[in-house]
Amino acid sequence: MSKQLITLTVNGDAYEVAVEPQQTLLEVLRDTLNMTGTKRGCTAGSCGVCTVNGERGQAILSCMALAVEWDGRSLTTVEGVADGNELHPVQQAFLEFGAVQCGFCTPGLIMSAKALLDVNTDPTDADINVAMAGAICRCTGHIKVKKAIREAARVLRAREVSDGAS
Amino acid sequence: MARVKDDLAVVGKNWARLDGIDKVSGRSIFADDVRLPGMLFGKVVRSPYAHARILNIDTSAAEAVPGVKAVVTPEDAKDIWIGINQPLLPAEKVNHVGQEVVAIAAISEAAATEAAALVKVEYERLPALLDVEKALADNAAQLHAKAEHNIGWKQEDVHGDPDAVFAACEFVREDRYVTHPTHNCYAEYHVCVADFTKPGKLKMWTPTQTALLFQQSLAAGFKLPASDVRLLTLNSGGGFTGRTSTRPHHFLAAMLSRKSGRPVRLRASGDEEFIMCRAGGKVIYKLRSGADKDGRLKVIEADLLFDTGAYVESQMIVTLLTSKYIHALYPLEASRYRGRLVHTNNLPYYFHHGGGIAQFQFALGQHIDGLARDIGMDPVDFNLLNAVEEGHTTMEGAHYASCGLKECIEKTASLAGWKDKYGKLPKYKGIGIGIGAMASGAKGLFKHDTSAAFVKVTDDGKASLFVGLPDMGQSSHTAMAIICAEVLGITPNDINVISGDTDSDPLDVGAFTQRGTFNTGNATRNAALDARNQLAKTAAALLEADEATLVFRDHKVYPQGAEDQAIPFKKVVYQTLHSREGRFVMGRGFYNSPLEKGTMAYSFGAQIAEVTVDPGTGVVTVHKITAAHDVGRAINPRIVEGQIDGQIFSGMSQVLYEETILEDGQVMNPSRIDYKMPRAFEMPEVEHIIVETIDPNGPFGAKEVGEGPIVCTMQAIANAVTHAIGNQVTEMPLSPWRVIKAIK
């Protein structure tokens with residue numbers, strides 16, 4: 001099958017890549033662009049490990065998205081969440097609240113949580129449960145993950161207040 | 001023993017894990033992220049049958065696929081054996097579905113997959129033995145020449161005179177429980193990258209709980225000196241007792257690399273993950289116990305039958321371990337144990353998270369709960385009456401130098417409001433308790449149980465700590481940095497933990513049998529003390545003080561009680577290095593328990609589960625777990641809580657959901673959707689109580705927390721379900737259909 005040239009913007013940088021029609025976003029990120037921060041899990045959309053964020057911040061399972069459909073579009077991966085060396089509040093909260101253990105599913109958890117917090121900085125427990133329903137994490141049992149998300153939401157709300165005041 | 005809380009500066013505070021920033025930023029490297037020049041991709045051709053004779057293998061079409069660089073067949077693997085009786089690639093017959101027959105390496109995963117589909121293997125199907133009890137029957141075919149009645153391993157122990165003690169008991173209870181096959185389900189699938197391109201030198205990147213045992217196993221398989229096999233452990237995406245020994249894919253990747261002259265990556269695809277993973281098989285537990293008229297437990301008898309599947313590698317450990325845990329919780333007058341590993345044509349099983357002990361406690365915990373109710377006692381009162389205490393020595397010789405079991409039971413019962421709830425809840429609501437003990441290490445199971453550590457102190461006042469203990473997520477490296485920092489009077493963030501290369505790692509058997517914090521922790525403490533003693537000579541001269549009185553704390557060194565004279569730690573290091581002798585500070589330490597076997601420290605715990613059962617659907621909802629654990633001392637309390645949380649998840653997952661459903665030896669639910677685990681919305685509220693007994697032999701009093709919690713969870717939830725519906729569900733998982741059957 002012939003390859004197609006697409007333009008994909010990842011974390012603000014535009015890349016021109018030749019992709020086969022069946023190639024997934026996950027494969028292009030990891031194997032073509034060498035961005036291995038997004039991990040390869042079940043490759044069947046059931047574990048959430050490979051989650052990235054689309055242009056509206058939405059959570060995308062990169063193992064289930066065809067790269068050709070992303071021609072001309074942009075996405076954010078875990079490598080693009082921090083602002084330089086300054087961690088995003090959700091990353092900081094995961095770190096401080098012990099929500100990270102083996103770290104393999106962590107990129108997917110962070111991107112799922114960020115997708116929620118980008119549109120809702122005051123989530124209920126039910127909102128968090130829905131946002132994280134696609135993620136499996138055997139190490140943490142989600143307990144400290146949920147705490148970290150609530151903490152990140154608190155920090156983001158405080159920022160909104162101070163931004164509003166300034 | 002007095003519980004003196006010394007004034008510690010670093011141990012016992014909450015420290016973020018040292019590798020955390022990399023892990024939240026996508027910078028952590030795992031084996032699947034390794035990219036080597038010229039790297040090929042492997043694929044394995046597997047048996048579709050549970051039992052079949054191999055008549056012919058034709059790889060010609062596969063070899064003709066463009067990009068195929070190596071094909072490995074049973075011809076190439078004639079003298080490579082795994083464990084007792086498993087050929088790496090079988091020449092004559094396959095003994096389980098998914099057994100490796102041929103391996104291929106190609107320039108892309110797609111080419112390797114295409115070629116694998118073109119390998120033609122002719123089989124003659126043979127009748128398969130798929131049920132552990134049928135495999136044991138007199139008329140069953142024998143799968144291995146040396147395994148009579150298909151028994152691959154047997155362990156029997158008797159202590160005291162069980163028959164006489166039973167005869168004198170007022171209450172005797174008998175039960176039969178079953179646990180079904182499972183899968184470890186770590187986030188990171190089975191994967192390895194092998195570089196065997198240099199003759200006689202093998203390099204391998206793979207997730208593991210023990211690089212040392214992997215190194216020894218690969219060296220034995222390829223008949224190399226162990227030091228010519230170099231294991232490189234990056235991050236490991238979970239262990240859960242499932243990465244404690246090599247699997248066929250490790251050998252196959254190495255063989256493909258040797259044959260092709262290029263590095264090879266071999267990784268499980270979705271379905272394959274459930275075949276390559278060798279977790280727990282079906283186990284049948286027959287239990288009998290007896291108590292006197294006052295409710296004192298006197299004797300326990302256990303007969304365990306394990307489906308060990310097609311081959312035996314290291315699974316005998318599970319019988320050794322379960323045999324010890326009969327005595328662990330209660331002082332008994334007698335006991336009897338029999339454990340048998342029985343061959344079938346199912347997957348070669350090892351163990352699931354909890355090492356067989358947690359699953360055994362599912363059975364024993366329910367059995368004891370039943371006995372308490374037979375006697376007419378509240379299970380909490382029964383456990384408090386019977387639980388072991390500090391100073392106890394079990395019948396097989398385990399000595400409890402510290403023991404907070406009764407404190408754990410009392411504190412969970414009080415916080416959970418047990419007395420107001422047990423026997424008083426509305427129908428279909430239940431509360432249950434589970435108690436457990438766990439050894440911090442298991443000397444005698446391996447060639448040795450030594451852990452070692454080096455500490456290199458640099459003249460900027462920082463240190464590098466070298467350990468051979470892997471960190472699969474339990475934060476062991478950060479714990480070791482905390483211990484080292486406490487001794488040197490600096491902070492964990494001043495310490496760079498170097499680990500994961502068998503060429504430079506100090507000796508360490510690895511992170512399993514809960515030996516890390518205790519064994520490697522003691523080694524790290526000893527290495528840091530050695531470094532501190534070297535620095536103390538300089539500091540004593542500078543301060544004109546006695547070495548023995550020096551305090552190392554907050555980046556300063558001063559004589560006890562004279563903080564105003566303090567000199568910076570950095571200055572002491574600088575002076576040591578830049579003195580006339582130019583002494584470079586390199587501390588070394590090791591720890592090896594003075595015992596012949598076993599361990600010096602045991603942790604204890606109690607958990608109370610609160611559940612609701614839906615009588616219409618049989619679905620169990622867990623609302624809350626109250627967990628109290630005697631961990632000796634919490635080196636890093638929030639991380640200790642995280643270990644408890646993860647094990648509650650895994651225990652709940654196993655007791656309620658996890659089962660690999662088999663049909664003709666084939667896993668019918670090989671995906672993360674069909675093999676159910678709890679999602680975020682199903683997790684209960686968890687309350688933690690950390691009990692610190694400050695063990696006299698642990699580093700700063702610490703014991704393990706790696707598996708102590710999970711042994712409590714399954715039984716606590718099962719006992720809560722019994723309380724809710726009035727009957728025990730004797731098979732795990734407590735799937736809705738099993739719960740409904742038990743209600744009726």
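Me: In which order do the strands of the open sheet with β21 and β25 of chain B lie?

Reply: In general, strands of a sheet pair through backbone hydrogen bonds, either parallel or antiparallel. In this predicted model, four strands of chain B make an open sheet with the order β21-β20-β19-β25, and the pairing is mixed. At the edges are β21 (495–498) and β25 (586–591) of chain B, each of which pairs on one side only. From one strand to the next, the twist averages 20°.

Me: Which helix packs on that sheet?

Reply: Helix α15 of chain B, residues 516–543, packs there and touches β19, β20 and β25 of chain B. The direction of α15 makes about 150° with that of β25(B).

Me: In what sense do β19 and β20 of chain B pair?

Reply: Strand β19 (residues 451–457) and strand β20 (residues 463–467) of chain B are antiparallel partners, joined over five bridges. Within this part of the sheet, B:S464 in β20(B) stands opposite B:K456.

Me: How can the span of helix α10 of chain B be checked?

Reply: Compare the span expected from the residue count with the distance between the end C-alpha atoms. Helix α10 of chain B (residues 357–375) has 19 residues, so at 1.5 Å a residue it should span 27 Å; the end C-alpha atoms are 26 Å apart, which agrees.

Me: Is α10(B) mostly covered or mostly uncovered, and what follows the helix?

Reply: Of the 19 residues of α10(B), 16 are buried, so the helix counts as mostly covered, given that a residue is buried if 20 or more other C-beta atoms lie within 10 Å of its own. B:G376 follows α10(B), and the phi of B:G376 is positive, near 90°.

Me: Into which domains is chain B divided?

Reply: The assignment gives domain 1 (20–28 + 445–591), domain 2 (34–127 + 186–239 + 243–276) and domain 3 (356–440 + 600–743) of chain B. The C-alpha centres of domain 2 and domain 3 of chain B are 38 Å apart. Seven residues from domain 2 of chain B and seven residues from domain 3 of chain B take part in their contact.

Me: And what are the domains of chain A?

Reply: Chain A has domain 1 (4–80) and domain 2 (89–165), with C-alpha centres 22 Å apart. Their contact takes 14 residues from domain 1 of chain A and 14 residues from domain 2 of chain A.

Me: How many residues of chain A are in contact with chain B?

Reply: There are 44 residues of chain A in contact with 44 residues of chain B. On the chain A side, α2 (89–96), α3 (106–119) and α5 (143–165) of chain A each give two or more residues. The largest share of that side, four residues, comes from α2(A). The side of chain A that touches chain B has 21 nonpolar, 16 polar and seven charged residues.

Definitions and conventions:
Residues numbered from 1 in each chain as written. Chains lettered and ligands numbered in written order. Predicted model: local features only at pLDDT ≥ 70, side-chain atom pairs only at ≥ 80, totals over all residues. Pairing = 2+ DSSP bridges. Axes fitted to C-alpha atoms, helices over the stretch in contact; angles between N-to-C directions. Contact = placed C-beta atoms within 7 Å. Expected span 1.5 Å × (residues − 1). Buried ≥ 20, exposed ≤ 12 C-beta atoms within 10 Å, placed from the backbone. Nonpolar A, V, L, I, M, F, W, Y, C, P; charged D, E, K, R; others polar. Domains from an automatic or database assignment.
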